[in-house]
Amino acid sequence: MSIVRRSKTDIDEARLLADLAASRSFSEAEIDAAAAEDADAWTEDDVAAAVAVYPPPTADQVRALRGRLGLSQAQFAQRFGFTVDTVQQYEQGRRTPSGPASTLLRVIDADPEAVIRALRVRPGRR
């Protein structure tokens, strides 16, 4: 007989769903009143004016990205325009990607083929 490991959330999931279904729902007016009482609550204007913050990838995330692509540090560096030393420093946590490098790593993570296409040299273009 195999052992099945379950988290407390898995075990209590049915009860949590039942409790949620049994709880009363709040009206828009009640939600607005509760938000007005909370000095830290954001208004729609606050949300609209908010500036998105994208934290730089961690050393583990850079290492995992390269691993998912199946590339050595040298291959990753060459393919995406980094130096090998920079990739090593990112992966060892001695340096944190910032600005454009952080953005480039996010785009590589989301769609590496798009980055490869964009970096490809085209005839007639330098």
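This is a predicted model: local features need pLDDT of at least 70, side-chain atom pairs count only at pLDDT 80 or more; totals for chains, interfaces and linings use all residues.
A residue counts as buried when its relative accessible area is under 20%, as exposed when that area is over 50%, and as partly exposed in between, using a 1.4 Å probe and protein chains only. Residues are numbered from 1 along each chain as its sequence is written, and side-chain values use heavy atoms, with hydrogens and water left out.

Let's start with the rings. There are 3 aromatic pairs in the structure. In one of them, the ring centres of F76 and F80 are 5.1 Å apart with planes at 55°, so this pair is tilted. (Rings of Phe, Tyr and Trp, the last by its six-membered ring, pair if their centres lie within 6.5 Å; planes under 30 degrees apart are stacked, over 60 edge-to-face, and the rest tilted.) Both F76 and F80 belong to helix α5, residues 73-80, and sit 4 residues apart, about one turn of the helix. Helices here are DSSP runs (H or I, at least four residues), numbered from the N terminus. F76 has 1% relative accessibility, so it counts as buried, and F80 is buried too, at 3%. F76 also pairs with F82, this time stacked, at 6.0 Å centre to centre and 10° between the planes. Put together, ring pairs join F76, F80, F82 and Y90 into a cluster.

Next, have a look at helix α6, residues 84-92, where you'll find Q89. Its relative accessibility is 18%, so Q89 counts as buried. The side chain of Q89 makes a polar contact with the side chain of D85, at 2.7 Å. Leaving aside residues up to four places away in sequence, Q89 touches R94 and R95, where contact means heavy atoms within 4.5 Å.

Finally, what lines the largest pocket? The lining is made of P55, P57, Q61, V62, L65, R68, L105, R106 and D109. Two elements, α4 (59-69) and α7 (99-110), each give two or more residues to that lining, with the largest share, 4 residues, coming from α4. Sorted by type, the lining has 5 nonpolar, 1 polar and 3 charged residues.

How values were computed
On a 1 Å grid over the protein atoms alone, a cavity is a set of points where a 1.4 Å probe fits but cannot get out, and a pocket is an open set with protein on both sides within 12 Å along at least five of seven lines; lining residues have an atom within 4 Å of a point. Ala, Val, Leu, Ile, Met, Phe, Trp, Tyr, Cys and Pro count as nonpolar, Asp, Glu, Lys and Arg as charged, and the others, Gly among them, as polar. A polar contact is a pair of N or O atoms within 3.5 Å; within protein, one must be able to donate a hydrogen and the other to accept it, and residues adjacent in sequence count only if both atoms are side-chain atoms.
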